Amino acid sequence: MSRRLCLPALLLWGALASGAAAQEVGGAGQRAETERFLRDAVSYIDQVGPEQAFAAFNDPQGRFIVGERYVFCNRINGTVLAHGFNPALLGRNLASLRDARGKPFAAALIRIAVTEGQGWLSYEWFNPATRQTEVKDTLIIRVREDIVCGAGHYRR
């Protein structure tokens with residue numbers, strides 16, 4: 001291959017590689033922001049107790065709903081205790097809930113919290129900001145013996 005052809009190919013490869021790196025950094029930034037957001041919510045539960053914290057998580061004007069990011073909490077059995085985006089879900093058991101592709105993500109989130117204490121899961125879910133189904137990365141944390149809480153962000 002001539003040097004004349006090689007240079008444009010190298011420049012194109014470099015541009016693609018730096019774009020991929022920028023996406024990865026952005027993804028890492030979103031994860032860090034989601035983790036801070038959820039850890040703030042977990043600390044709030046410790047400060048004021050579950051009942052008062054859940055009321056704050058459900059408050060549409062409160063600090064635990066920021067754009068498309070919100071806190072949700074469930075019992076280990078899947079019963080919703082708090083849901084910042086959709087308070088109509090309170091008291092419903094969503095353990096068998098599946099994502100847009102049929103993935104049983106609710107049970108997987110609970111399993112992660114119970115077996116590992118915390119972890120990330122990706123699935124396709126409705127984004128309240130764009131009103132589209134998008135890939136969502138959610139962090140789940142086991143807060144108490146029978147309570148798990150999560151928060152997530154949509155990939156950009």
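Is Arg75 buried, exposed or partly exposed? I looked it up, and Arg75 is partly exposed, with a relative accessible area of 34%. I use buried for under 20% relative accessible area, exposed for over 50% and partly exposed for in between, with a 1.4 Å probe and protein chains only.

**Ground rules.** I am working from a predicted model, where local features need pLDDT of at least 70, side-chain atom pairs count only at pLDDT 80 or more, and totals for chains, interfaces and linings use all residues. Residues are numbered from 1 along each chain as its sequence is written, and side-chain values use heavy atoms, with hydrogens and water left out.

**Overall layout.** I noted three helices and six strands. The order along the sequence is α-α-β-β-β-α-β-β-β. Helices (H or I, at least four residues) and strands (E, at least two) are DSSP runs, numbered from the N terminus. The protein has 156 residues, and 40% of them count as buried.

**Salt bridges.** I searched the whole structure and found eight salt bridges. The cut-off is a side-chain nitrogen of Lys or Arg within 4 Å of a carboxyl oxygen of Asp or Glu. Side chains of opposite charge can pair when their charged atoms come close. I wrote up three of these pairs.

I took Arg75 up again for its partner. Its side chain meets that of Asp146 in a salt bridge, 2.7 Å from N to O. Arg75 sits in strand E2 and Asp146 in the loop between E5 and strand E6 (147-154), so the bridge ties together parts that are 71 residues apart in sequence. Asp146 is partly exposed, with a relative accessible area of 34%.

Next I looked at Arg69, which is also placed in strand E2. The side chain of Arg69 forms a salt bridge with that of Glu33, at 2.8 Å from N to O. Glu33 belongs to helix H1 (residues 3-48), and the two residues are 36 apart, so I logged this as a link between distant parts of the chain. Arg69 is buried at 10% relative accessibility, whereas Glu33 is partly exposed at 41%. The Arg69 side chain also makes a polar contact with the side chain of Thr34, at 3.0 Å. A polar contact here is a pair of N or O atoms within 3.5 Å; within protein, one must be able to donate a hydrogen and the other to accept it, and residues adjacent in sequence count only if both atoms are side-chain atoms.

Arg101 is exposed, with a relative accessible area of 69%.

**Disulfide.** Which cysteines does the disulfide join? I found one disulfide in the structure, and it joins Cys73 to Cys149 with an S to S distance of 2.1 Å. The cut-off is a pair of cysteine sulfur atoms within 2.5 Å. Cys73 lies in strand E2 and Cys149 in strand E6, so the bond ties together parts that are 76 residues apart in sequence. The torsion about the S-S bond is about 105 degrees, so I recorded the disulfide as right-handed. Cys73 is buried at 0% relative accessibility, and Cys149 is buried at 1%.

Of the 16 residues that line the largest cavity, the closest to its centre are Phe72, Asn74, His83, Leu97 and Phe105. On a 1 Å grid over the protein atoms alone, a cavity is a set of points where a 1.4 Å probe fits but cannot get out, and lining residues have an atom within 4 Å of a point.

Which element gives the largest share of the lining? Helix H3 does, with four residues. Elements that each supply at least two lining residues include strand E2 (69-75), strand E3 (80-83), helix H3 (105-116), strand E4 (118-127) and strand E5 (132-144). By class, I noted 13 nonpolar, two polar and one charged residues in the lining. Ala, Val, Leu, Ile, Met, Phe, Trp, Tyr, Cys and Pro count as nonpolar, Asp, Glu, Lys and Arg as charged, and the others, Gly among them, as polar.

**Trp125.** My last entry is Trp125, in strand E4. Trp125 is partly exposed, with a relative accessible area of 22%. From Trp125 to Phe105 the C-alpha to C-alpha distance is 9.9 Å, and the two are 20 residues apart in sequence.

Terms used. 1 Å grid on protein atoms, 1.4 Å probe; cavity = no way out; pocket = protein on both sides within 12 Å on 5 of 7 lines; lining within 4 Å.
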